[in-house]
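This report concerns the annotated sites of one protein model. Please consult the sequence and the structure shown here before reading on.

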Amino acid sequence: MPQPPALPPPIERALVLARNHATHTPPNPSVGCVITAPDGTVLGEGHTQPTGGPHAEVMALRDAASRGHDTHGATAWVTLEPCSHVGRTGPCCEALVTAGIARVVASVGDPNPRVAGRGFQRLRQAGVEVEIGPGAEAARELNLGFFSRMVRGMPWVRMKIAASLDGTTALSNGTSQWITSEAARRDGHGWRARAGAVLTGIGTVLEDDPMLDVRLVETTRQPLLVVVDSRLELPPGARLLQPGRAVLVYTASDDAARRAALEAQGATVVSRPGVGGKVDLAAMLRDLAQREVNELHVEAGHKLNGSLVRDGLVDEFLVYLAPRLLGAGRGMAAFGPLSELGAGIGLSFLSAEPVGPDLRIVARVAGRDAF
């Protein structure tokens, strides 16, 4: 099989910068930028800062200035189209023009309707040469959640499951701690850290009383915590209701007393009633997108997992398989029974890698990234 053409080294480096800091940037996309002189010398580099901070291009320009470099006539290699609007920060394309950048090589256009080609247009109007394409697939993959929110109006939904080799996630009595190893749990916290929000169901809260925060890896931010609780059964003393942590509770209940008790603990209760007294999960996802959640990391039980799968709302599965057999017990997602094999959910395997004694599999719903 022929190998894809090698990327220009500055784009490779910009992608590394973006990838290494992806946990810090939500809800902004993670972007890297490298500025080079006409002879290829690196003048400066940067990456997007946490929300409200400078974008990659501004950081790269600042880095060049701190090294005493003149950027007039230089090339900026960036993994996403420079923004053209005033948001939490100023427009990056104006900063590049002011700095005298002569050429911009961008991996991919920005799907944000407020940008969507306007950054490239402004650069060209200022006489800057623009090239688009190198590293497009990698840059888009790195920010699938951002693209999903901008194009579909929904976050990218990744479901994390820890199971035995025969697919059991808990014994019949609910015991599930711990099927997989500490190494797998630490790895899972890394995936939590990159998400905009972590979602669970009331069944998991009542059985395990989890915290569902990021503890096993370093992080500069805690993701929003989301609980699906149709009847508002969440105990006000639950461990996940930590002081200062943002918690959203989606419900179909109109019980004012229970709502008030949770709000007194700092939770935000959102009513999204659906069929049969359940939460409308699709409406919940649209609301989370409005709240700027790019990636939603699901850690729930087999019932809520099954509902999300049945409704076609899961984009990707993050599965840790332990080298043991548990026989009868709870499965990964209760969405059957199916009457024929062809009705199953088709997946594409992205990776399968050992993590400690366990196996981590990343599988995507077939065709789901076509947006």
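E57 is buried, at a relative accessible area of 3%; buried denotes under 20% relative accessible area, exposed over 50%, and partly exposed in between (1.4 Å probe, protein chains only). The model is predicted: local features need pLDDT of at least 70, side-chain atom pairs count only at pLDDT 80 or more, and totals for chains, interfaces and linings use all residues. Residues are numbered from 1 along each chain as its sequence is written, and side-chain values use heavy atoms, without hydrogens and water.

An unreviewed UniProt entry annotates E57 as "active site". UniProt positions follow the numbering used here, feature names are shortened, and annotations may be inferred rather than shown by experiment.

D208 is partly exposed, with 29% relative accessibility. The table lists helices, which are DSSP runs (H or I, at least four residues) numbered from the N terminus. Contacts are heavy atoms within 4.5 Å.

| Residue | Helix | Contacts beyond four places in sequence |
|---|---|---|
| E57 | α2 (residues 56–66) | C33, V78, L80, E81, P82, C92 and L96 |
| D208 | α8 (residues 202–208) | S176 and Q177 |
| H302 | α11 (residues 302–310) | R330, G331, M332, A333 and A334 |

How values were computed:
Helix = DSSP H or I, 4+ residues; strand = E, 2+ residues; numbered from the N terminus.
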